[in-house]
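Here is a short walk through one protein model. Look over the sequence and the fold, then follow the stops below.

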Amino acid sequence: MAGVPNSINNDHKLAGKVAIITGGASGISEETARLFANRGARAMVVIVDIQDDLGNQVAASIGSHR
């Protein structure tokens with residue numbers, strides 16, 4: 001990303017962190033869960049949503065292989 005400081009663009013900035021994301025089955029929270037997983041929150045990203053099936057689909061699409 002042009003013009004973004006390296007401290008923000010660091011792919012592993014969240015390494016070892018735990019993220020609890022409410023409403024993570026859709027919308028901004030879904031994208032946040034994906035971003036956090038991509039940024040290294042690999043220990044655990046918890047997606048909490050009343051939409052169980054959709055939340056499980058998002059979790060499966062992010063995967064546990066990261």
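**A patch, a close pair and a salt bridge**

Val18, Ile20 and Val48 make a nonpolar surface patch of about 290 Å². Such patches join nonpolar side chains (Val, Leu, Ile, Met, Phe, Trp, Tyr) within 5 Å, or like charges within 9 Å, from residues with over 30% relative accessible area and no salt bridge. Accessible areas come from the Shrake-Rupley method with a 1.4 Å probe, and for residues only the protein chains shown count as cover.

This is a predicted model: local features need pLDDT of at least 70, side-chain atom pairs count only at pLDDT 80 or more, and totals for chains, interfaces and linings use all residues. Residues are numbered from 1 along each chain as its sequence is written, and side-chain values use heavy atoms, leaving out hydrogens and water.

Valine 48 lies in strand E2 (residues 44-48). Helices (H or I, at least four residues) and strands (E, at least two) are DSSP runs, numbered from the N terminus. Valine 48 is partly exposed, at 40% relative accessible area. Buried means under 20%, exposed over 50%, partly exposed in between (1.4 Å probe, protein chains only).

Now find helix H3 (residues 52-62), which holds glycine 55. Glycine 55 is buried, at 11% relative accessibility. Alanine 25 is 30 residues away from glycine 55 in sequence, yet their C-alpha atoms are 4.1 Å apart.

Where is the salt bridge? Arginine 34 and glutamate 30 form it with their side chains, 2.9 Å from N to O. The rule asks for a side-chain nitrogen of Lys or Arg within 4 Å of a carboxyl oxygen of Asp or Glu. The count by this rule is 1 salt bridge. Both partners sit in helix H2 (residues 27-38), 4 residues apart, so about one helical turn separates arginine 34 and glutamate 30. Arginine 34 is partly exposed at 24% relative accessibility, while glutamate 30 is buried at 17%.
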